[in-house]
Amino acid sequence: MAESQNLAKPMLRGTMREQVDMRKHTSWRAGGVAERMYQPADMEDLRAFLRSMPVDEPLYAVGLGSNLLVRDGGLRGTVLLMHSALNGMHLEYDGSVYVEAGVPGAKLARFAALHDLSGAEFFAGIPGTIGGMLAMNAGCYGSETWGKVLRVVTVDRQGEVHVRAAADYEIDYRHVVLREGSEEWFAAAWLAFARGKGAIARDEIKALLRKRIASQPLNLPNAGSVFRNPPGSHAARLIEQCGLKGKRIGDAQVSEKHANFIVNVGNASAADIEQLINEVQRVVEQRTGVRLQCEVRIIGEHQQDTV
Ligand SMILES: Cc1cc2nc3c(=O)[nH]c(=O)nc-3n(C[C@H](O)[C@H](O)[C@H](O)COP(=O)(O)OP(=O)(O)OC[C@H]3O[C@@H](n4cnc5c(N)ncnc54)[C@H](O)[C@@H]3O)c2cc1C
């Protein structure tokens with residue numbers, strides 16, 4: 001089935017595609033095909049779509065796919081593509097920023113600077129959407145997404161909207177779990193920032209981006225840090241100590257520039273990347289006794305179980 005064919009039911013305004021190549025929707029540019037992908041027109045349309053779904057349909061939210069590996073055998077079910085979908089953002093009367101889940105972090109950082117707010121600069125360096133950042137508690141340079149959250153808006157499988165506070169979640173370093181365990185997706189958030197000076201925030205963003213270009217292999221497809229930093233240590237340091245920089249399986253390679261990045265140097269399969277992840281984990285554990293935990297999310301079927 002060709003991509004981009006509009007198969008949406010009449011009352012829905014978004015776009016349904018079938019057999020979607022997830023290489024185009026993940027920053028690793030690797031992996032399999034999703035059976036279906038729905039890109040909602042807006043929040044109301046997302047709710048209507050969820051109401052229309054059978055209860056057993058597997059659903060996966062995807063933002064910019066910058067922390068995601070989809071196995072080569074593909075994804076059974078439907079991807080909810082939030083990027084370029086839930087795009088609203090405005091300043092509230094109380095000075096907080098209301099931002100929808102599909103907005104990229106860089107856009108939020110620029111919006112905050114434009115309104116003389118300070119503390120949103122770090123979002124500029126993380127190439128994901130607000131939804132993905134809420135799901136991951138993404139952060140860098142001493143700031144984390146949930147450190148800025150006043151409240152979030154979620155949508156559940158029945159299309160019901162919930163307004164939730166941080167206390168409703170178990171939140172830690174790159175870890176966010178809804179305490180009551182129901183299946184919900186982030187649709188929007190209210191974020192609080194301090195008053196500041198736009199020009200200073202813009203300079204800070206530029207400095208932060210320069211730092212990233214100098215230290216990260218941004219010229220090759222990657223998914224940022226593959227492993228979480230173990231308590232009191234750095235995954236990159238451990239990987240480097242074990243002599244794994246440059247280690248390659250197929251077209252997946254441990255970056256020479258930043259040991260906690262795996263880069264796609266050509267036409268890596270998801271299996272190449274996953275095998276390299278497992279190999280790094282194995283060697284680091286054998287040599288240092290530390291079991292590295294994956295930060296990237298791995299979903300889908302292995303090749304032999306192709307959809
Ligand atoms: C070059 C580079 C640098 C990076 N630097 C950093 C960094 O400094 N700090 C950091 O923390 N991360 C970093 N990352 C990783 C990544 O950008 C973040 O994890 C980001 O938050 C992922 O957002 P996304 O929209 O791309 O999410 P995706 O990769 O699309 O999804 C990630 C997870 O979030 C879930 N998700 C996505 N949207 C929603 C939603 N609306 N509701 C519920 N769940 C959702 C997905 O199901 C998936 O489990 C980097 C990645 C790259 C490629």
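A residue is called buried when its relative accessible area is under 20%, exposed when it is over 50%, and partly exposed in between, with a 1.4 Å probe and the protein chains only. Gly32 has a relative accessibility of 5% and therefore counts as buried. The model is predicted: local features need pLDDT of at least 70, side-chain atom pairs count only at pLDDT 80 or more, and totals for chains, interfaces and linings use all residues. Residues are numbered from 1 along each chain as its sequence is written, and side-chain values use heavy atoms, with hydrogens and water left out.

Gly32 is placed in the loop between strand 1 and strand 2 (33–39). Helices (H or I, at least four residues) and strands (E, at least two) are DSSP runs, numbered from the N terminus. With contact taken as heavy atoms within 4.5 Å, and neighbours within four places in sequence left aside, Gly32 is in contact with Val20, Asp21, Met22, Arg23, Val70, Arg71, Asp72 and Gly74. Ala235 is 203 residues from Gly32 in sequence, and their C-alpha atoms are 28 Å apart.

Strand 1 (residues 15–21) also holds Gln19. The phi of Gln19 is near 50 degrees, a positive value in a residue other than glycine. Its relative accessibility is 36%, so Gln19 counts as partly exposed. Arg174 likewise is not a glycine and has a positive phi of about 50 degrees. Arg174 lies in the loop between strand 13 (169–172) and strand 14 (175–178), and its relative accessible area of 13% makes it buried.

Another glycine, Gly119, belongs to the loop between strand 8 (117–118) and helix 3. At 17% relative accessibility, Gly119 is counted as buried. Apart from neighbours within four places in sequence, Gly119 is in contact with Lys148 and Phe193. Between Gly119 and Ala109 there are 10 residues of sequence separation and 8.6 Å in space, C-alpha to C-alpha.

Strand 11 (residues 149–156) contains Thr154. This threonine counts as buried because its relative accessibility is 1%. Not counting residues up to four places away in sequence, Thr154 touches Glu160, Val161, His162, Arg164, Tyr169, Glu184, Trp185, Phe186 and Ala187. With Glu184, Thr154 also forms a side-chain polar contact of 2.7 Å. A polar contact is a pair of N or O atoms within 3.5 Å; within protein, one must be able to donate a hydrogen and the other to accept it, and residues adjacent in sequence count only if both atoms are side-chain atoms.

The ligand comes next. A residue is near a molecule or strand if one of its heavy atoms lies within 4 Å of it. There are 34 residues around the ligand, of which Ala61, Ser66, Thr129, Gly139 and Arg212 come nearest. A polar side-chain atom of Ser66 is 2.6 Å from a ligand oxygen atom, and a polar side-chain atom of Arg297 is 2.8 Å from an oxygen atom of the ligand. Gly139 places a backbone N or O atom 2.7 Å from a ligand nitrogen atom. On its own the ligand has 970 Å² of accessible area, and the protein covers 92% of this; accessible areas come from the Shrake-Rupley method with a 1.4 Å probe, and for residues only the protein chains shown count as cover. Helix 3 gives the most, with five residues.

Helix 6 (residues 270–288) has 19 residues, which at 1.5 Å a residue should span 27 Å, and its end C-alpha atoms are 27 Å apart, in agreement. The expected span is 1.5 Å times one less than the number of residues of the helix. Among the buried residues of helix 6 are Ile273, Leu276, Ile277, Val280, Val283 and Val284, and also Asp272, Glu274 and Glu279. The buried residues of this helix pack against strand 4 (68–70), helix 5 (235–241), strand 17 (248–249), strand 18 (252–254), strand 19 (262–264) and strand 20 (297–299). Gly289 follows helix 6 and has a positive phi, near 85 degrees.

The cysteines complete the account. A disulfide is a pair of cysteine sulfur atoms within 2.5 Å, and the structure holds zero disulfides. For Cys140, the nearest cysteine sulfur is that of Cys294, 20 Å away. Cys140 is buried, with a relative accessible area of 11%. For Cys294, the nearest cysteine sulfur is that of Cys242, 16 Å away, and at 23% relative accessibility Cys294 counts as partly exposed.
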